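Student: I am new to this structure. Please take me through one part of it, close up.

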Amino acid sequence: MSIRPVLLWPDARLATRCRTVGPGDDAAGLADDLLETMYHAAGRGLAAPQVGAMLALFVMDSGWKQGAPCPMVFINPAILSASESQSTSSEGCLSIPGISADVTRPAEIKLRWLGLDGAPDDREFTGFEATCIQHEMDHLEGIVTLDRVGPEARARLRRDYAA
Ligand code: ZN
């Protein structure tokens, strides 16, 4: 395991769509590095492209700051369904340090993914986990929080980020 440097926006790789993880990819090694990097940076989610690995994989541990670590690894994730009800959260991003953007997303999602054992899994997520997963899924598509806000908020956040 090793801590990798986290790419900072506007690195072009953060605007690039990731490819599907295949059998020849070292998903386990990448997941280990992502988790170690995420804990080191005091984050609760981290996507592979944030360390320059352009693969559809992200990690999350929503509760480690309050209790025991519970690392989760999501390979080739897909959102199967999303609720009509929405929620707005102030989202930070390790790739855009110091900036929080109010992003509105579906409040509940159903996700399917592959685990490290290669087996498919699916589950519904709500609350912070639903928000975090959608944020990390965006990274896999080359989308960041600044792409999810209106033009005025985007301009203000970009000014704050540059300052
Ligand atoms: Zn992020």
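**A close look at methionine 137**

Tutor: Set aside the neighbours within four places in sequence, and methionine 137 is in contact with Phe58, Pro77, Ala78, Ile79 and Leu111. Bear in mind that this model is predicted. Methionine 137 itself sits in helix H2, which covers residues 127–140. Is methionine 137 buried or exposed? Its relative accessibility is 12%, and buried means under 20%, so methionine 137 counts as buried. Glycine 98 gives a sense of distance. Methionine 137 and glycine 98 are 39 residues apart in sequence. In space, their C-alpha atoms are 21 Å apart.

Now turn to the strands. Strand E2 spans residues 57–60, and strand E3 spans residues 72–82. These two strands pair in the antiparallel sense, over four bridges.

Step back to the whole sheet. Five strands form an open sheet in the order E1-E2-E3-E6-E7, and their pairing is antiparallel. Its edge strands are E1, residues 45–47, and E7, residues 120–126. Each edge strand pairs on one side only. From one strand to the next, the twist averages 40 degrees.

One more helix belongs in the picture. Helix H1, residues 27–40, lies across E1, E2 and E3. Helix H1 runs at about 40 degrees to E2.

Terms used
Residues are numbered from 1 along each chain as its sequence is written. This is a predicted model: local features need pLDDT of at least 70, side-chain atom pairs count only at pLDDT 80 or more; totals for chains, interfaces and linings use all residues. Side-chain values use heavy atoms; hydrogens and water are left out. Two strands pair if DSSP finds at least two bridges between them. Axes are lines fitted to C-alpha atoms, for helices over the stretch in contact, and angles run from 0 to 180 degrees between N-to-C directions. Contact means heavy atoms within 4.5 Å. Buried means under 20% relative accessible area, exposed over 50%, partly exposed in between (1.4 Å probe, protein chains only).
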